[in-house]
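Visitor: I would like to go through this model and ask what stands behind the labels. Please give the value and the cut-off each time.

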Amino acid sequence: MGNPAAARKRARAYNPDVTTEADLHWMRHALALARTVIHTTAPNPRVGCVIVRDGRVIGEGATQPPGGPHAEVCALRDAARRGEETAGATFYVTLEPCSHHGRTPPCADAVVAAAPGRVVVAMGDPNPLVGGAGLARLRDAGIAVTTGVCQEEALALNAGFAARMSRGTPWTWLKLAASLDGRSALHNGMSQWITGAEARADGHTWRARADVVLTGMGTVLKDDPQLTVRTFDLPRQPRRAVVDSQLRLPETARLLDGSEVWVFTVSDDQEKVERLARRNARVIRLPAVAGRVDLAAMMRWMAGQQVNEVHVEAGAGLSGALLAADCVDEVLAYLAPVLLGDAAGMVGLPMLENLKEARRFVFVDVTRLGGDVRLRGRYVERWQQLMGAAAAR
C-alpha cells in the first residue's frame, strides 16, 4: 500500500493552483456520481466522492437521502468493503466536506481520519455553518488541498442549495413553451400542444429535479393540470404549489389529488381554507402587494421550508409577475417551428419606453429536442453571485 507519510509529503508538493488532466477526469467521475442522486438528497446538496490511488478507484459514493451518510462516508465504506487502504490516497469530492454536526457527524473529521495524501474539491460549501471550516480542518491536519476543479459544473448541480444558503431564496427557473413568434396560446386559449413530445418530456425532467412545481390560478382554471412527473418513475414527486391571491382554487381541481399542495394567498376566507384542507391543501397567507401575493415573500417562505429549486409552469400573468418581482434566475424556453400570429404572448410585462429597461439574459445552452429547440437563458449577475458564494476558501 506504500508509505502514507511519504504520500502526504509528496502531495504537499502539489501546486494547489494547478489542475491536471487526471484531476479533471476524476472530478468529472465524482460529478457523475452526484448526478445519480439528483432526485433524492434535498434539502441537502447532491455530492459525489471518489477515492483514487495509482490511477484506479478504490472507493466511491454519493450522498444518500437526508439522515443517511454523505458522499465521503459512502466512499470510505465502499473502500472498506473492497479491502482498500485509504491512507495516502487522493479524494475527489464535489463539495467541501462539512465541518458541523447536523443529521450526521462532520465529514471533514472522517476524511482526516482516513489520512489521505491529498483532497481535491470542486466548490466550497456556502452553508454559513461550514464556509471554509471543512477545508481548514483538512489543511490543519497536513493534508494537501486543491480547490475549484470543475467548480461551475458542481454549482450547476447545486445552484438551489447555494442560493438558499447564500441569499435566502431558492434558485428558480421559468419554463415557457411558445411558437417562433413568441406566442404561447391561441386567442381562444388553446395551447396543447405547441411543442412536440420530446420537448414535453424534457420539461418533465426539469420538473423532476425541482423541489416545488409552481403555477398560477389562470393555468389551474384553464387547464386543470396535475403538475406531476409522469414520464418516468421517481423516488418522490416534487411538491405542487399555486399562487391563488383570492383563493379561487376549485375544490375539485386535479391539483388537489394526492400529496399536500401549497396554496399561497392573501385571502382570509377561513371557511374556504378549512374546505381546502380536507383536500390536501395547505393554505399559506402572505403579505399583499397591490392586492396580490407578495412573490418575493413567497420565495423567502419557501426557502424557510428548505426548498432549494423551484420550477415554474404558469401563464403569462404569473410568469410576468415573477419576472417583474425579480424572482426568476433562469428561463427554459421551448420554441416550436411554427407561427401563430395574433395570439397570447409568453409573459405579461409592462410596456417599455427604452431598450435599456429590457430584462436581459445570457444563453447558456441551446439544445434540439425533436423538431423543437430549448433555450436556457440565465441572469449572469445571479450566477456570478453564486459562484462567489461557492468559491472555496
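Visitor: What is the bridge partner of I51 in β3?

Guide: The partner of I51 is F91. This model is predicted, and the pairing is read from its atoms.

Visitor: How do you know that β1 and β3 pair, and in which sense do they run?

Guide: Pairing needs at least two bridges between two strands. β1 and β3 are joined by 4 bridges and run antiparallel, so the two strands meet the criterion for a pair.

Visitor: What makes β3 and β4 a pair, and where does T90 find its bridge partner?

Guide: Over 4 bridges, β3 and β4 pair in the parallel sense.

Visitor: Which residues of β3 point which way, and are they buried or exposed?

Guide: T90 and Y92 point one way, F91 and V93 the other, and all are buried. Buried here stands for a relative accessible area under 20%.

Visitor: What covers the buried residues of α2?

Guide: The cover includes β1, β2, β3, β4 and α6 (151–157). The buried residues of α2 are D23, W26, M27, A30, L31, L33 and A34.

Visitor: Why are they said to line one face of the helix?

Guide: Looking down the axis of α2, the buried residues fall within an arc of 155 degrees, so they line one face.

Visitor: How does the reach of α2 compare with what is expected at 1.5 Å a residue?

Guide: α2 spans residues 21–35, which is 15 residues, and reaches 21 Å from its first C-alpha to its last. The expected value is 21 Å, and the reach is close to it.

Visitor: Why is β10 called largely enclosed?

Guide: In β10 (residues 261–265), 5 of the 5 residues are buried, so the strand is largely enclosed by the rest of the structure. Both faces are covered, with V261, V263 and T265 on one side and W262 and F264 on the other.

Visitor: Which strands pair with β10, and over how many bridges?

Guide: β9 and β10 pair in the parallel sense over 4 bridges, and V242 has V263 as its bridge partner in β10. β10 is joined to β11 (residues 281–285) by 5 bridges, again parallel, with R285 in β11 as the partner of T265.

Visitor: Why is L227 called buried?

Guide: L227 has a relative accessible area of 3%. The cut-off is under 20%, so L227 counts as buried. L227 sits in the loop between α9 (217–223) and β9 (239–243). Leaving out residues up to four places away in sequence, L227 touches R207, V213, T215, R240, A241 and L255.

Visitor: Where does UniProt place the feature "binding site"?

Guide: An unreviewed UniProt entry places that feature at S191, R207, L227, R230 and E313.

Visitor: Why is L339 called exposed?

Guide: The relative accessible area of L339 is 63%, and exposed requires over 50%, so the label applies. L339 is in the loop between β15 (330–336) and β16 (344–345). Not counting residues up to four places away in sequence, L339 touches S179, L180 and D181. L339 and L180 are 159 residues apart in sequence, with 5.8 Å between their C-alpha atoms.

Visitor: How much of the protein chain is buried, and how many helices and strands are there?

Guide: Of the 393 residues, 52% are buried. The chain has 13 helices and 18 strands.

How values were computed:
Residues numbered from 1 in each chain as written. Predicted model: local features only at pLDDT ≥ 70, side-chain atom pairs only at ≥ 80, totals over all residues. Heavy atoms only, no water. Expected span 1.5 Å × (residues − 1). Buried < 20%, exposed > 50% of the residue type's maximum accessible area, 1.4 Å probe, protein only. Arc of directions from axis to C-beta. Contact = heavy atoms within 4.5 Å. UniProt positions renumbered as here; feature names shortened; annotations may be inferred.
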